[in-house]
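Hello,

I am handing this structure over to you. Please open it first, then read the notes below.

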Amino acid sequence: MVPCQTHVLLKWQEHFNSSWAAEDSVQTARRHGASVLYSKLLHNKEVVTLAQPVQELVGPRLPDFECESSASEEKEEYLSSLLHSQRWLAHRMLTQTSYTLGLHQRLVVLQRIYYALHSKYHDKFRVQLPSQSTDSGAECGQLELASEPCLPVGASKVKSGTDVLIEMGVRTGLSLLFSLLQQNWRYAASVHPESVLCNDVLATASSVLASLPPLSLANENKIPSVGLDCLAQVAEFLKKTSVSSGTGGADPTGRRLALELLLGLAMQRGSLKFLLEWVEVALAASMSSCTSTLSSSSTLSSQQSAGVGFEVIHQTLFQMRQYSGFRGDSVNTQVLKKDADGLCRLSQAALCLFEEICNLASYCLCSCSTDAASPGTESDTVMVYVWGSNSSHQLAEGTLEKILLPKLTQGFSDAQ
């Protein structure tokens, strides 16, 4: 038995979650198993014992009834103080029994395993709150926890003053940056066409984004809410910049850089939603360029505004095939063509990107059907594939691991 106290502070360490998620909770059914796992918590300093309060040991101060006379109300108050002191002492002694200590160890270990599984499979719904201390001596069995559980469904997280200040600074900073970029475009268009500082800003942002590892922004669970809000604001600004072609808007180079930066963000976030949004924006920008062509005598400017970098689109298509596990030669009816400036038409780039998405979807379906059609099986055999979270054994695969790709299951023998 590991000596311990029931008045402790729990400080879960995130880097131990993987090892605790692999622990078998059945070990806590035996006292020795719970003691071994509790020793692990003490060794990793995830459980910190706190000193017991001593003010209750003094007890109430009683008068000398032989020398002084007391009213009945005072006597009742003294009796209540004595009963409270005796009850507190009995509670404190009971918390030191072997049964109570064993139960405490089991509860703490199970709580740690639950937290690890919750963080691994349901991290999206976990909300961090400021820690609050509770006294287990005053409330039976309560623990002090540094990482609070998630909020109930429908409840909103209370933001701290620091969070509000950070959010306010980020929002005002982005608004100021967007205003300066638009002002610089207007200034360059009317006074100095060669001093387009905002294009350098967009080019620098694109180069920084390209230097990041692939899919750096794909896991939104690891991005704070302020970061997601920033990404949404930046994407909205880039969409407006890409489509606007009137007076006071971005020049052709600025619109091209905005489209390329928006495509880079979509690739880093790794979601079909953002890729389809880029296709929609590209087609809208192409249509806007065609409209300005009919109403403007400058054909060269409109052609430039409808272009996007050939190498950017080519690299994007290559990365989509690479990250999706595509094998074989892609069959595309759309062929990218670049002009003398190394650009390709927006409408063509949007169609190529959309066609590549369709090809990848068809490849995924074909790979599933190919795996199902094994030799020696009848054509009408029904094969069942599973994939998904599997956090509650809902896929009946014997483990709790996520299944990212469709997997042939053996649990359904006579499916119809």
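**What was found**

The chain has 12 helices and 7 strands. Both are DSSP runs numbered from the N terminus: helices are H or I with at least four residues, strands are E with at least two. This is a predicted model: local features need pLDDT of at least 70, side-chain atom pairs count only at pLDDT 80 or more, and totals for chains, interfaces and linings use all residues. Residues are numbered from 1 along each chain as its sequence is written, and side-chain values use heavy atoms, with hydrogens and water left out.

**The chain overall**

Of the 416 residues, 33% are buried. Buried means under 20% relative accessible area, exposed means over 50%, and partly exposed is in between (1.4 Å probe, protein chains only). Take the contacts with a separation of 6 or more: 67% of them join residues 24 or more positions apart. A contact means heavy atoms within 4.5 Å.

Start with α8, residues 252-269. The expected span is 1.5 Å times one less than the number of residues. In α8, 15 of the 18 residues are buried, so the rest of the structure largely encloses this helix. Gly 270 follows α8 and has a positive phi, near 65°.

Helix α7 (residues 225-243) packs against α8 at an angle of about 145°, with the axes 8 Å apart. Axes here are lines fitted to C-alpha atoms, for helices over the stretch in contact, and angles run from 0 to 180 degrees between N-to-C directions. The α7 side of the contact includes Leu 228, Leu 231, Val 234 and Ala 235. Among the α8 residues they meet are Ala 258, Leu 259, Leu 262 and Leu 265. The residues of this contact divide into 10 nonpolar, 3 polar and 3 charged. Ala, Val, Leu, Ile, Met, Phe, Trp, Tyr, Cys and Pro count as nonpolar; Asp, Glu, Lys and Arg count as charged; the others, Gly among them, count as polar.

**Helix α5**

Helix α5 covers residues 161-190. Its 30 residues reach 43 Å from first C-alpha to last, close to the expected 44 Å. Buried residues in α5 include Leu 174, Phe 178, Leu 181 and Trp 185. What covers the buried residues of α5 includes α6 (197-211), α7 and α8.

**Phe 274**

Phe 274 sits in helix α9, residues 272-295. It counts as buried because its relative accessibility is 14%. Leaving out residues up to four places away in sequence, Phe 274 touches Glu 220, Ala 266 and Arg 269. Ala 235 is 39 residues from Phe 274 along the chain, and their C-alpha atoms are 9.6 Å apart.

**Cysteines**

How many disulfides does a search of the whole structure find? The count is 0, where a disulfide is a pair of cysteine sulfur atoms within 2.5 Å. For Cys 344, the nearest cysteine sulfur is that of Cys 352, 7.5 Å away. Cys 344 is buried, at 2% relative accessibility. Cys 198 is buried too, at 1%.

**Two loop residues**

Lys 45 lies in the loop between α2 (31-43) and β2 (47-49). Its phi is positive, near 60°, though the residue is not glycine. Lys 45 is exposed, at 60% relative accessibility. Leu 215 lies in the loop between α6 and α7. Its phi is also positive, near 60°. Leu 215 is partly exposed, at 39%.

Best wishes
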